[in-house]
Amino acid sequence: MVAEPEVSGPQLEADEKWMRHALGLMVRAEAEGEVPVGALLVLDGIVVGEGWNRPIGSCDPTAHAEIVAMRAASAALGNYRLTGATLYVTLEPCPMCAGAMVHARVARVVYGAHDPLAGAAGSVFEIFGAPSLNHHPQVLGGVLGEECGATLRAFFKARRK
């Protein structure tokens, strides 16, 4: 499992602020009938890309919130490298998204709820810390994790009815 650095004070406040923004994007995904996951990239205190899950509506299995946000950020910055950016996402990234973050050179990944089914930040897989990779973002999990997880649990509970 990736070691989660100790974060407190202004950094934790900023992480929680941006995670609240991502929680708002979860609502957009749910409104569109998608699994509610929201993501955004922040660079130098500015949102450079955001997204929410869209695989159903876009008929694109790669349209996870993180990928949508990275595509938007890359287009806005004119570069596929997102060096120095922090990616905030409400659910622990899957292997596909984690791999894309490594290739994009995202500096930090901050996520809310752990994903015991497909999490790639240590819950099931360990992509970010894989020694063979040439980039290892800092990872912080569990930021507003209970709120993020509660939204997902409520969504799936309603779906099962």
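Visitor: Is Cys97 buried or exposed, and what is its relative accessible area?

Guide: Burial is read from relative accessible area: under 20% is buried, over 50% exposed, and in between partly exposed, using a 1.4 Å probe and protein chains only. Cys97 is buried, because its relative accessible area is 0%. Before we go on, this is a predicted model, where local features need pLDDT of at least 70, side-chain atom pairs count only at pLDDT 80 or more, and totals for chains, interfaces and linings use all residues. Residues are numbered from 1 along each chain as its sequence is written, and side-chain values use heavy atoms, with hydrogens and water left out.

Visitor: How many disulfides does the structure hold?

Guide: A disulfide is a pair of cysteine sulfur atoms within 2.5 Å. The structure holds 0 of them. For Cys59, the nearest cysteine sulfur belongs to Cys97, 18 Å away. Cys97 is in no disulfide either: its nearest cysteine sulfur, that of Cys94, is 3.7 Å away. Cys59 counts as exposed, because its relative accessibility is 70%.

Visitor: Which residues of helix α4 are buried, and what covers them?

Guide: Helices (H or I, at least four residues) and strands (E, at least two) are DSSP runs, numbered from the N terminus. In α4 (residues 95-104), the buried residues are Cys97, Ala98, Gly99, Met101, Val102 and Ala104. Their cover includes α3 (65-77), β3 (86-91) and β4 (108-113), with contact meaning heavy atoms within 4.5 Å. Just after α4, Arg105 takes a positive phi of about 65°, although Arg105 is not a glycine.

Visitor: Which members of the largest nonpolar core touch the most others?

Guide: A nonpolar core is a set of buried Ala, Val, Leu, Ile, Met, Phe, Trp, Tyr and Cys residues joined through side-chain atoms within 4.5 Å. Of 46 residues in the largest one, Met19, Leu41, Met70, Leu82, Met101, Val106 and Phe128 touch the most other members. Helix α1 (residues 9-31) gives the most to this core, with 7 residues. Leaving aside neighbours within four places in sequence, Val106 contacts Leu41, Met70 and Leu82, among others including His135 and Pro137.

Visitor: How do the axes of α1 and α5 cross?

Guide: Axes are lines fitted to C-alpha atoms, for helices over the stretch in contact, and angles run from 0 to 180 degrees between N-to-C directions. Those of α1 and α5 (residues 145-160) come within 10 Å and cross at roughly 10°. That makes the two helices roughly parallel, since angles under 35 degrees count as such, over 145 as roughly antiparallel, 65 to 115 as roughly perpendicular and the rest as oblique. Residues meeting there include Met19 and Leu23 in α1, and Leu152 and Phe155 in α5.
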